[in-house]
Amino acid sequence: MSKETPVAAGRSWKSRLIVGLVIVVLLVLAYVVAVTFLPRWWAQRVGDLVDGRFGAGTAWGLFYGIVFTFVPLVIARQALRRVEWTTRVIFLTVAAALATPNLMTLGIVLGRGKAAHAGERILDVTAPAFRGASLIGAIIATIVALGIFALLALGRQSRRELKQLREGQKQRDSEARDRAEEGKEDPVKEEQN
């Protein structure tokens with residue numbers, strides 16, 4: 001093992017502090033952009049898509065709500081499997097990225113800032129029914145995904161139980177054969193007959 005010199009240890013500590021500060025600054029900038037820019041931008045994109053039509057707002061809202069809830073839930077579910085933690089982080093990151101449209105809509109609905117309120121007004125005028133349909137779609141997708149997960153879990157449990165029953169039956173059959181063979185070869189039993 002090599003030991004770090006005090007000078008190298010000092011540089012390592014300083015470089016970690018600098019990297020940590022850079023990460024904090026980037027996170028603060030990302031938050032500022034997310035709070036001030038994204039709600040308006042997302043509302044305008046949705047407004048351009050829906051173009052003020054109630055039916056289009058409902059259809060696109062359901063589409064975004066269902067697809068961008070169901071797919072991330074399925075991917076996030078993979079993180080619960082027996083995989084390495086780095087693979088789990090990747091699954092969860094991909095799931096969060098795919099849920100971004102719903103998260104941006106949720107940010108507009110729950111946001112308290114000026115940009116969120118501006119986004120709400122834009123959606124009210126240019127994308128009627130989008131927010132409500134998106135919520136309904138997200139609820140539908142969640143119920144369907146949880147139902148599928150429950151059915152898959154029940155299927156796995158049933159297969160395990162069936163396998164155990166078959167193994168138990170094979171064991172009992174083998175023991176019965178062994179007892180039958182012992183009965184035929186036992187001379188005491190033959191004399192009694």
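1. The protein contains eight helices and zero strands, and from the N terminus on its elements run α-α-α-α-α-α-α-α; here helices (H or I, at least four residues) and strands (E, at least two) are DSSP runs, numbered from the N terminus.

2. This is a predicted model, in which local features need pLDDT of at least 70 and side-chain atom pairs count only at pLDDT 80 or more, while totals for chains, interfaces and linings use all residues. Residues are numbered from 1 along each chain as its sequence is written, and side-chain values use heavy atoms, with hydrogens and water left out.

3. Of the 193 residues in the protein, 20% are buried, where buried means under 20% relative accessible area, exposed over 50%, and partly exposed in between (1.4 Å probe, protein chains only).

4. Asparagine 102 is placed in helix α5 (residues 100-110) and counts as buried because its relative accessibility is 14%. Its side chain reaches the backbone oxygen of phenylalanine 68 at 3.2 Å. Leaving aside neighbours within four places in sequence, asparagine 102 is in contact with Tyr64, Gly65, Phe68, Thr69 and Ser134, contact meaning heavy atoms within 4.5 Å.

5. Among the contacts in the protein with a separation of 6 or more, 72% are accounted for by residues 24 or more positions apart.

6. Isoleucine 148 lies in helix α7, and it is described as partly exposed because its relative accessible area is 35%.

Key: A polar contact is a pair of N or O atoms within 3.5 Å; within protein, one must be able to donate a hydrogen and the other to accept it, and residues adjacent in sequence count only if both atoms are side-chain atoms.
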